Amino acid sequence: MKNKNTIVVLTVVITILCLYYLSITFFSRGIQQDALDYATNEAGIVDQTKKQAYLDSIWKEPVLEILGASFTYEDIKKTELNLGLDLQGGMHVTLEVSPVEIIKGLSSNSQDPDFLAALDQANELQRNSQESFASLFETAYNNISPGGKLSRIFANAANKGRISFESSNSDVMGIIEEEVDNAIDRAFQILRTRVDRFGTSQPNIQRLGASGRIQIELPGVDNPQRVRKLLQGVAKLEFWEVWNANEIQQTIFDINQTLIKVEKAAKDNASTNLSTELTPSNEQANDLASQIAAGDTTATADSLDVTNVNSIFLTLMKPDQYGNMLYALRDTGKINRVLKSEEIQKVIPRTTRFLWDVKPVKDTEDLVLYAVKIPRNGESSLTGEVITDARLSIDERGQPAVSMQMSSIGAKQWKKMTGDNIGRRLAATLDNYVYTAPTVQVEIANGNTQISGSFTNEEAIDLSNILKAGSLPAPTRIVEEAVVGPTLGKEAQAQGIKSILIGLAIVVVFMMFYYSKGGLVANVALLFNVFFILGILANLGAALTLPGIAGIVLTIGMSIDANVLIFERIREELRNDVPLLQAISSGYQKAYSSIIDANVTTFLTGVILYWLGQGPVKGFAVTLMIGIICSFFSAVFITRVIITQMTKKGNESKISFDTPFTKGWLTNLNIDFLGKRRMAYLTSGIIIAVGVTIMATSGLKLGVDFKGGRSYVVQFDEPMVASDIKTNLAGGIFSEDGVEVKTYNSSNVLKITTSYMVEDESQEADAIVQKTLTDGLATATGKNFVDGTTDLQSGQFTINGSAKVGATIADDIKNSSLKSFGLSIVAIFFYILIRFRRWQFSLGAIVALVHDALIVLSAFAIAGLFGINFEVDQVFIGALLTIMGYSINDTVVVFDRIRENLQLKGSRDLIGTFNSSINSTISRTLITSMTTLIVVLILFLFGGEVLRGFSFAFLIGILIGTYSSVFVATPIVVDLTKKTLGAAADKERDTARAKASAKAAASANQ
């Protein structure tokens, strides 16, 4: 064997590197277990803060020494094999930076109606478009104001020197696009700083192309609400003067009088503008007009004399001894609607703005409403941009606070502001919420100040980190979110490990049974393959996810394919009485082209999945591509080295590739496969027709990442009937929006998905949907909801995990999935065309792939009729594309044998040649299909609910892929054009014979 020493050296080097990285991973797991033991109390409850504090304490400390080199825990975490969120728990968030606010700021908050209308229209267009927001805005503005000049909107003091009234629209749009892109970059850097200071191990943050989205992964997070607050807050710190009670008295009186008039009109005619303004679509019972019309005296008195009756604004107010305006937390929504209404906005002076306190008054459910003084320019005279440092401190009451240091410019402004307001209150606001509003006692000259309130230590630390990182250039919103609880993560780990071990064991036993010592060699290569995959993943710093484990399980089945091809070729040569060494050499040589083609086509689908896929699909694609490379190296080169070593004695060596039980299996077959092609066409056509009809009438069950919405994994203290829960929930507030409930992994865990409030991606909507769901479940089951527990008591339920996908990103995922499918088809078509040099082979292969995809979709639709529902989601698309790669594997092997036989036999009996090629490769086709089918069946049974749809799709795909390579792809090549193909084959045969004769003559001359 050539290059034997090179392969041995390369194998040893890769093995040492893999051992190095995996040993570090093993050591890191030990440290994490120590931290877990340290943070677990006697009752078995883990204090996550204590655990993180333990890990933080050794972050920069040497914990491992190898060959004289010391490694800190930080170094170890950078080189270990990471686990994905689905295997350890945590939070995945996709944020979208709002370009609307950036463009508004660039226009100095222009109120031009065409400008505002264009922004609204661009917002709507973005829901179903891949274009940048700036481009959509330009299109919308040109539609609304043909010939309109953008320079009249954007030529202002802030843009002096860049935009003038003579600037063209294209020049203005260039600056807008640059500003939007720069703002997203700044937001990315600020969010990175916040995330790095959050205190979680190995956070991951990345920009998603030019979409304006930022993806963040935080392993081990156990407080999702804290993360949402940390990531979505703009952190715009401002300082305002606060109006005294006597200074705001006239404004309060004007609001009261105006509101009474409106209430009187609402009493007489419930369809006034204000009543419409005050009525939220899903809170009819709370709207003002309804209360008045019903004679609710808490909203207004019976007598509506405007001189002595208080409106809802004053009726709900609870003034305290300091003159503060207090309102019950439950009434803040009503007051907000009052203050935002058009009529009330007209009577509030431009110098006044109402802002809520960030927290209720201690030990109450009351919030303070402040009236702050607004300068003529509408901007605060002092903002967070002057803050140079912020840190946790303790105030005079011994409570956590945030101390800040200002720059020299800020210190001067602060000195003037405090000096001008001695004896008055100044409010420090963050994102329009008042954090503190103390009375100034003395002028503060050194630029030091403090924000105090009812902070917890955690809140004060978060606030100081946010202030240090700086404010975001624009608001962000969460368009996709997934929360995986630690319980689900541990279950996923156990299921994944079980799938790998069982699948590996069955394949090892089968290969030994079927191929004897040859099977033993294949098993050694298989173990090297799995070992290399894990080591390379660690080396690349990639994360092993649950779909990644599915990729490994799949690789176990598919990696056998190369050895099966080689061993079947060797057995074929031995049956023709070829000596052992020559049979081995010929087997490897003849199988090589088929192995290359099969691996390249599957690798192409992996590349496309990685390029266009998101989240779990990317993890699957990485593992699949690494697995293909490792399986090729181990199955072709490592096995060759081992077999060469085992055949040192030459043709007398004691190595066999069959057992007494399997000798002669699937040999000398003479089945007329092509004679049955019309029956196969009819059968496939009927199945596809039935499936398409069901899909057209009933549709497929789309996952939340394809249709948008929110899903929750809910654990109960006892088994639950999914259909009963669905009936109860669907009869309530979810009736119009739909709700899906299914058992998830075990009988006491349900996955509940709803599209209720899918268009609203705000934190408030998230809270409303979850509260509505938990209230509905409590009513339906009579149990109490307990948040964040892993130890349920009798009569309790909790939410173990959740996911949210906004309507916009759901459209993006669907579009990228369709693009993935289309690109895979094109890539495979051209690869087959290049390799086989005939379009008939390319078209036959593509028709077979489309046939396989339609059959799998039909199987999902038909299964749904019998109450077996699997979601069509990103992971399903990954399965579908991998099925295509697997199916083309089978097809390429048959095509390769057809090409070989056409070169040898010519085209005199074209159908006979094709049948002979199928018969001679059927043993490889069935053995590979059976081994892969076994491991996928194991994945289906033990891989857990997350991969159930994936493995079901693959089970169908393996069966159909095997069927289509024999009964669809090959017959179509025959039916497309027999004469053209035959003539080409005859020419190719003659050329091949001429080359062989020339080569033989040259050898004889030597």
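This is a predicted model: local features need pLDDT of at least 70, side-chain atom pairs count only at pLDDT 80 or more; totals for chains, interfaces and linings use all residues.

Trainee: How do you know that the length of α24 agrees with what a helix should span?
Mentor: Set the two values side by side. The 21 residues of α24, at 1.5 Å a residue, should span 30 Å. The end C-alpha atoms of α24 are 30 Å apart, so the values agree.

Trainee: Which residues of α24 are buried?
Mentor: Arg677, Ala680, Ser684, Ile688, Gly691 and Ile694.

Trainee: What puts them on the same side of α24?
Mentor: The arc. They cover only 130° around the axis, and therefore they sit on the same side of α24. An α-helix has 3.6 residues a turn, so residues three or four places apart point the same way.

Trainee: Which residues are exposed on the other side of α24?
Mentor: Arg678, Met679, Leu682, Ala696 and Thr697.

Trainee: Why is Thr647 called buried?
Mentor: Its relative accessibility is 9%. Buried means under 20%. Thr647 therefore counts as buried.

Trainee: Where is Thr647 found, and which residues does Thr647 touch beyond four places away in sequence?
Mentor: Thr647 is in the loop between α23 (616–646) and α24 (677–697). Its contacts beyond four places are Leu580, Leu581, Ile584, Ser653 and Ile655.

Trainee: What lies 3.3 Å from a polar atom of the Thr647 side chain?
Mentor: The backbone oxygen of Thr644. The cut-off for a polar contact is 3.5 Å.

Trainee: Why does Thr925 count as buried?
Mentor: Thr925 has 1% relative accessibility. The limit is under 20%. So Thr925 is buried. Thr925 is placed in helix α31 (residues 910–942). Leaving out residues up to four places away in sequence, Thr925 touches Asp890 and Thr962.

Trainee: Why is Asn109 called partly exposed?
Mentor: The relative accessible area of Asn109 is 46%. Buried is under 20% and exposed is over 50%. Asn109 falls in between, so partly exposed is the label.

Trainee: What marks the phi of Asn109?
Mentor: Asn109 is not a glycine, yet its phi is positive, about 55°. Asn109 is in the loop between α5 (99–106) and α6 (113–126).

Trainee: What about the phi of Ser516?
Mentor: Ser516 is also a residue other than glycine, with a positive phi near 55°. Ser516 lies in the loop between α19 (486–515) and α20 (517–540).

Terms used
Residues are numbered from 1 along each chain as its sequence is written. Side-chain values use heavy atoms; hydrogens and water are left out. Helices (H or I, at least four residues) and strands (E, at least two) are DSSP runs, numbered from the N terminus. Buried means under 20% relative accessible area, exposed over 50%, partly exposed in between (1.4 Å probe, protein chains only). A polar contact is a pair of N or O atoms within 3.5 Å; within protein, one must be able to donate a hydrogen and the other to accept it, and residues adjacent in sequence count only if both atoms are side-chain atoms. Contact means heavy atoms within 4.5 Å. The expected span of a helix is 1.5 Å times one less than its number of residues. The arc is that of the directions from the helix axis to the C-beta atoms.
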